[in-house]
Amino acid sequence: MELLCIQSQEHPELPKAELKAVMECENIDANLSVVTEGLVILKDISKNNCDNYYEILTKRLGYTHEVHEVITTSSVDTLTDDILCVDWSEYIDETFAVRVKRFHSDIDTVGTERKVGSLILEKCNDIKVNLKKPKSLVRIVAFGDKLYVAIEKIKLNKKHFENSKPHKRPFFYPGSMSPKLARCMVNLSRVNAGDLVLDPFCGTGGILIEAGLIGCKVVGSDIYWKMKNGTAINLEHFGITDYRTFNLDVRELKMYEKVNAVVTDPPYGISTTTGDIDGDDVFKEFFKAIYDNMKDDAYLCMASPHYVDLKPMADEVGFDIVEQYGIKMHRSLTRIISVICKKTE
Ligand SMILES: C[S@@+](CC[C@H](N)C(=O)[O-])C[C@H]1O[C@@H](n2cnc3c(N)ncnc32)[C@H](O)[C@@H]1O
């Protein structure tokens with residue numbers, strides 16, 4: 001079986017990297033095939049696993065907008081026959097809508113939606129079209145002349161990423177990253193539900209909210225009491241109860257238990273304070289402080305500005321940088337997202 005993922009095109013690499021990381025840590029047995037930027041197919045999934053994988057992907061991913069189960073692959077020329085071959089009663093529950101999305105294709109979207117809708121109605125009794133609130137959504141994705149005919153089985157909760165934007169949380173302080181990027185970073189750290197995730201620069205808790213929502217136990221610490229408290233307020237607001245927060249300088253960090261992952265956005269630039277640590281030394285101090293608090297197979301996913309070279313600092317402490325992605329913020333600042341682990345030898 002195949003699952004089709006429609007991904008965000010706001011970054012050329014992160015959506016795919018996030019998907020790969022989730023496949024790795026959730027043991028998703030499938031072959032990932034990139035059709036074009038924004039369109040990925042997971043192939044060769046066994047029937048027994050498909051529903052479970054579908055649920056995991058919709059629950060976890062930040063940069064994937066839609067997931068669908070592929071019913072059949074077709075083409076502009078054979079669409080009518082291919083639609084008529086499907087037993088739609090297996091997929092449609094009372095009401096449905098057909099929606100077409102194009103990638104490098106000039107297919108007539110509205111015309112195709114109408115045509116497929118009437119073909120399905122012709123084949124199936126007891127179902128109706130409902131464009132506003134259909135119970136079943138038939139998704140046709142056109143790539144060139146190729147058409148993927150698919151069904152949406154579980155909706156991604158897109159509202160969450162809108163409702164959890166920093167200014168909509170009960171405790172707000174400038175400088176928190178977007179919830180989608182925070183979710184992506186949590187996923188890049190390859191954690192699973194039940195794992196312990198630490199953010200030692202937790203600020204308003206943006207990263208920990210995302211880790212908590214996928215079922216991780218979370219620990220946040222911050223040099224400022226106000227931020228530590230703010231994190232707790234925000235976590236409670238999102239129904240996250242399995243958390244602990246501490247008020248300390250990262251250099252004093254001594255965890256009660258080694259963590260499965262560290263996901264964090266350390267302070268940098270003139271607008272953020274680093275306590276009494278000199279400028280970019282905060283990264284060096286952070287690496288030193290965090291190493292012994294991480295399990296041997298733990299990942300660290302962090303943000304940093306492009307002008308700080310993490311490599312020598314990571315080397316010195318015994319870390320390897322395994323993946324890096326640049327996000328252009330403005331003309332003079334690119335934010336680097338790094339995935340780091342302990343050296344193995
Ligand atoms: C960029 S903000 C983190 C934003 C956070 N991800 C959020 O969602 O709000 C960096 C945080 O590091 C904290 N901080 C600065 N210096 C610190 C230090 N030496 N030890 C621990 N926390 C520190 C600041 O108080 C600030 O809240």
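Which of the 23 residues around the ligand come nearest? In this predicted model, select Ser 176, Phe 201, Gly 203, Thr 204 and Gly 206, which come nearest to the ligand. Extending the selection to the whole shell around the ligand gives 10 nonpolar, 10 polar and three charged residues.

Next, display the open sheet. Seven strands build this sheet, in the order S11-S10-S9-S12-S13-S15-S14, and their pairing is mixed. Its edges are strand S11 (243–247) and strand S14 (319–330), each of which pairs on one side only. From one strand to the next, the twist averages 15 degrees.

Then select strand S10 (residues 217–222) together with S11; the two pair in the parallel sense over five bridges. Within this pair, Gly 220 stands opposite Thr 245 in S11.

Now turn to helix H9 (residues 281–291). H9 lies across strand S12 (259–264), strand S13 (294–305) and S14, and runs at about 165 degrees to S13.

Finally, select helix H10 (residues 310–317) alongside H9. The two helices pack at an angle of about 30 degrees, with their axes 10 Å apart. Angles under 35 degrees count as roughly parallel, and H9 is therefore roughly parallel to H10. The crossing of H9 past H10 is right-handed. To view the contact, show Phe 283, Lys 284, Phe 287, Lys 288 and Tyr 291 of H9 with Leu 310, Met 313, Ala 314 and Val 317 of H10. The residues of this contact divide into seven nonpolar, no polar and two charged.

Technical notes:
Residues numbered from 1 in each chain as written. Predicted model: local features only at pLDDT ≥ 70, side-chain atom pairs only at ≥ 80, totals over all residues. Pairing = 2+ DSSP bridges. Helix = DSSP H or I, 4+ residues; strand = E, 2+ residues; numbered from the N terminus. Axes fitted to C-alpha atoms, helices over the stretch in contact; angles between N-to-C directions. Contact = placed C-beta atoms within 7 Å. Near = placed C-beta within 6 Å. Nonpolar A, V, L, I, M, F, W, Y, C, P; charged D, E, K, R; others polar. Parallel < 35°, antiparallel > 145°, perpendicular 65-115°, else oblique. Left-handed = near helix turned anticlockwise from the far one by under 90°.
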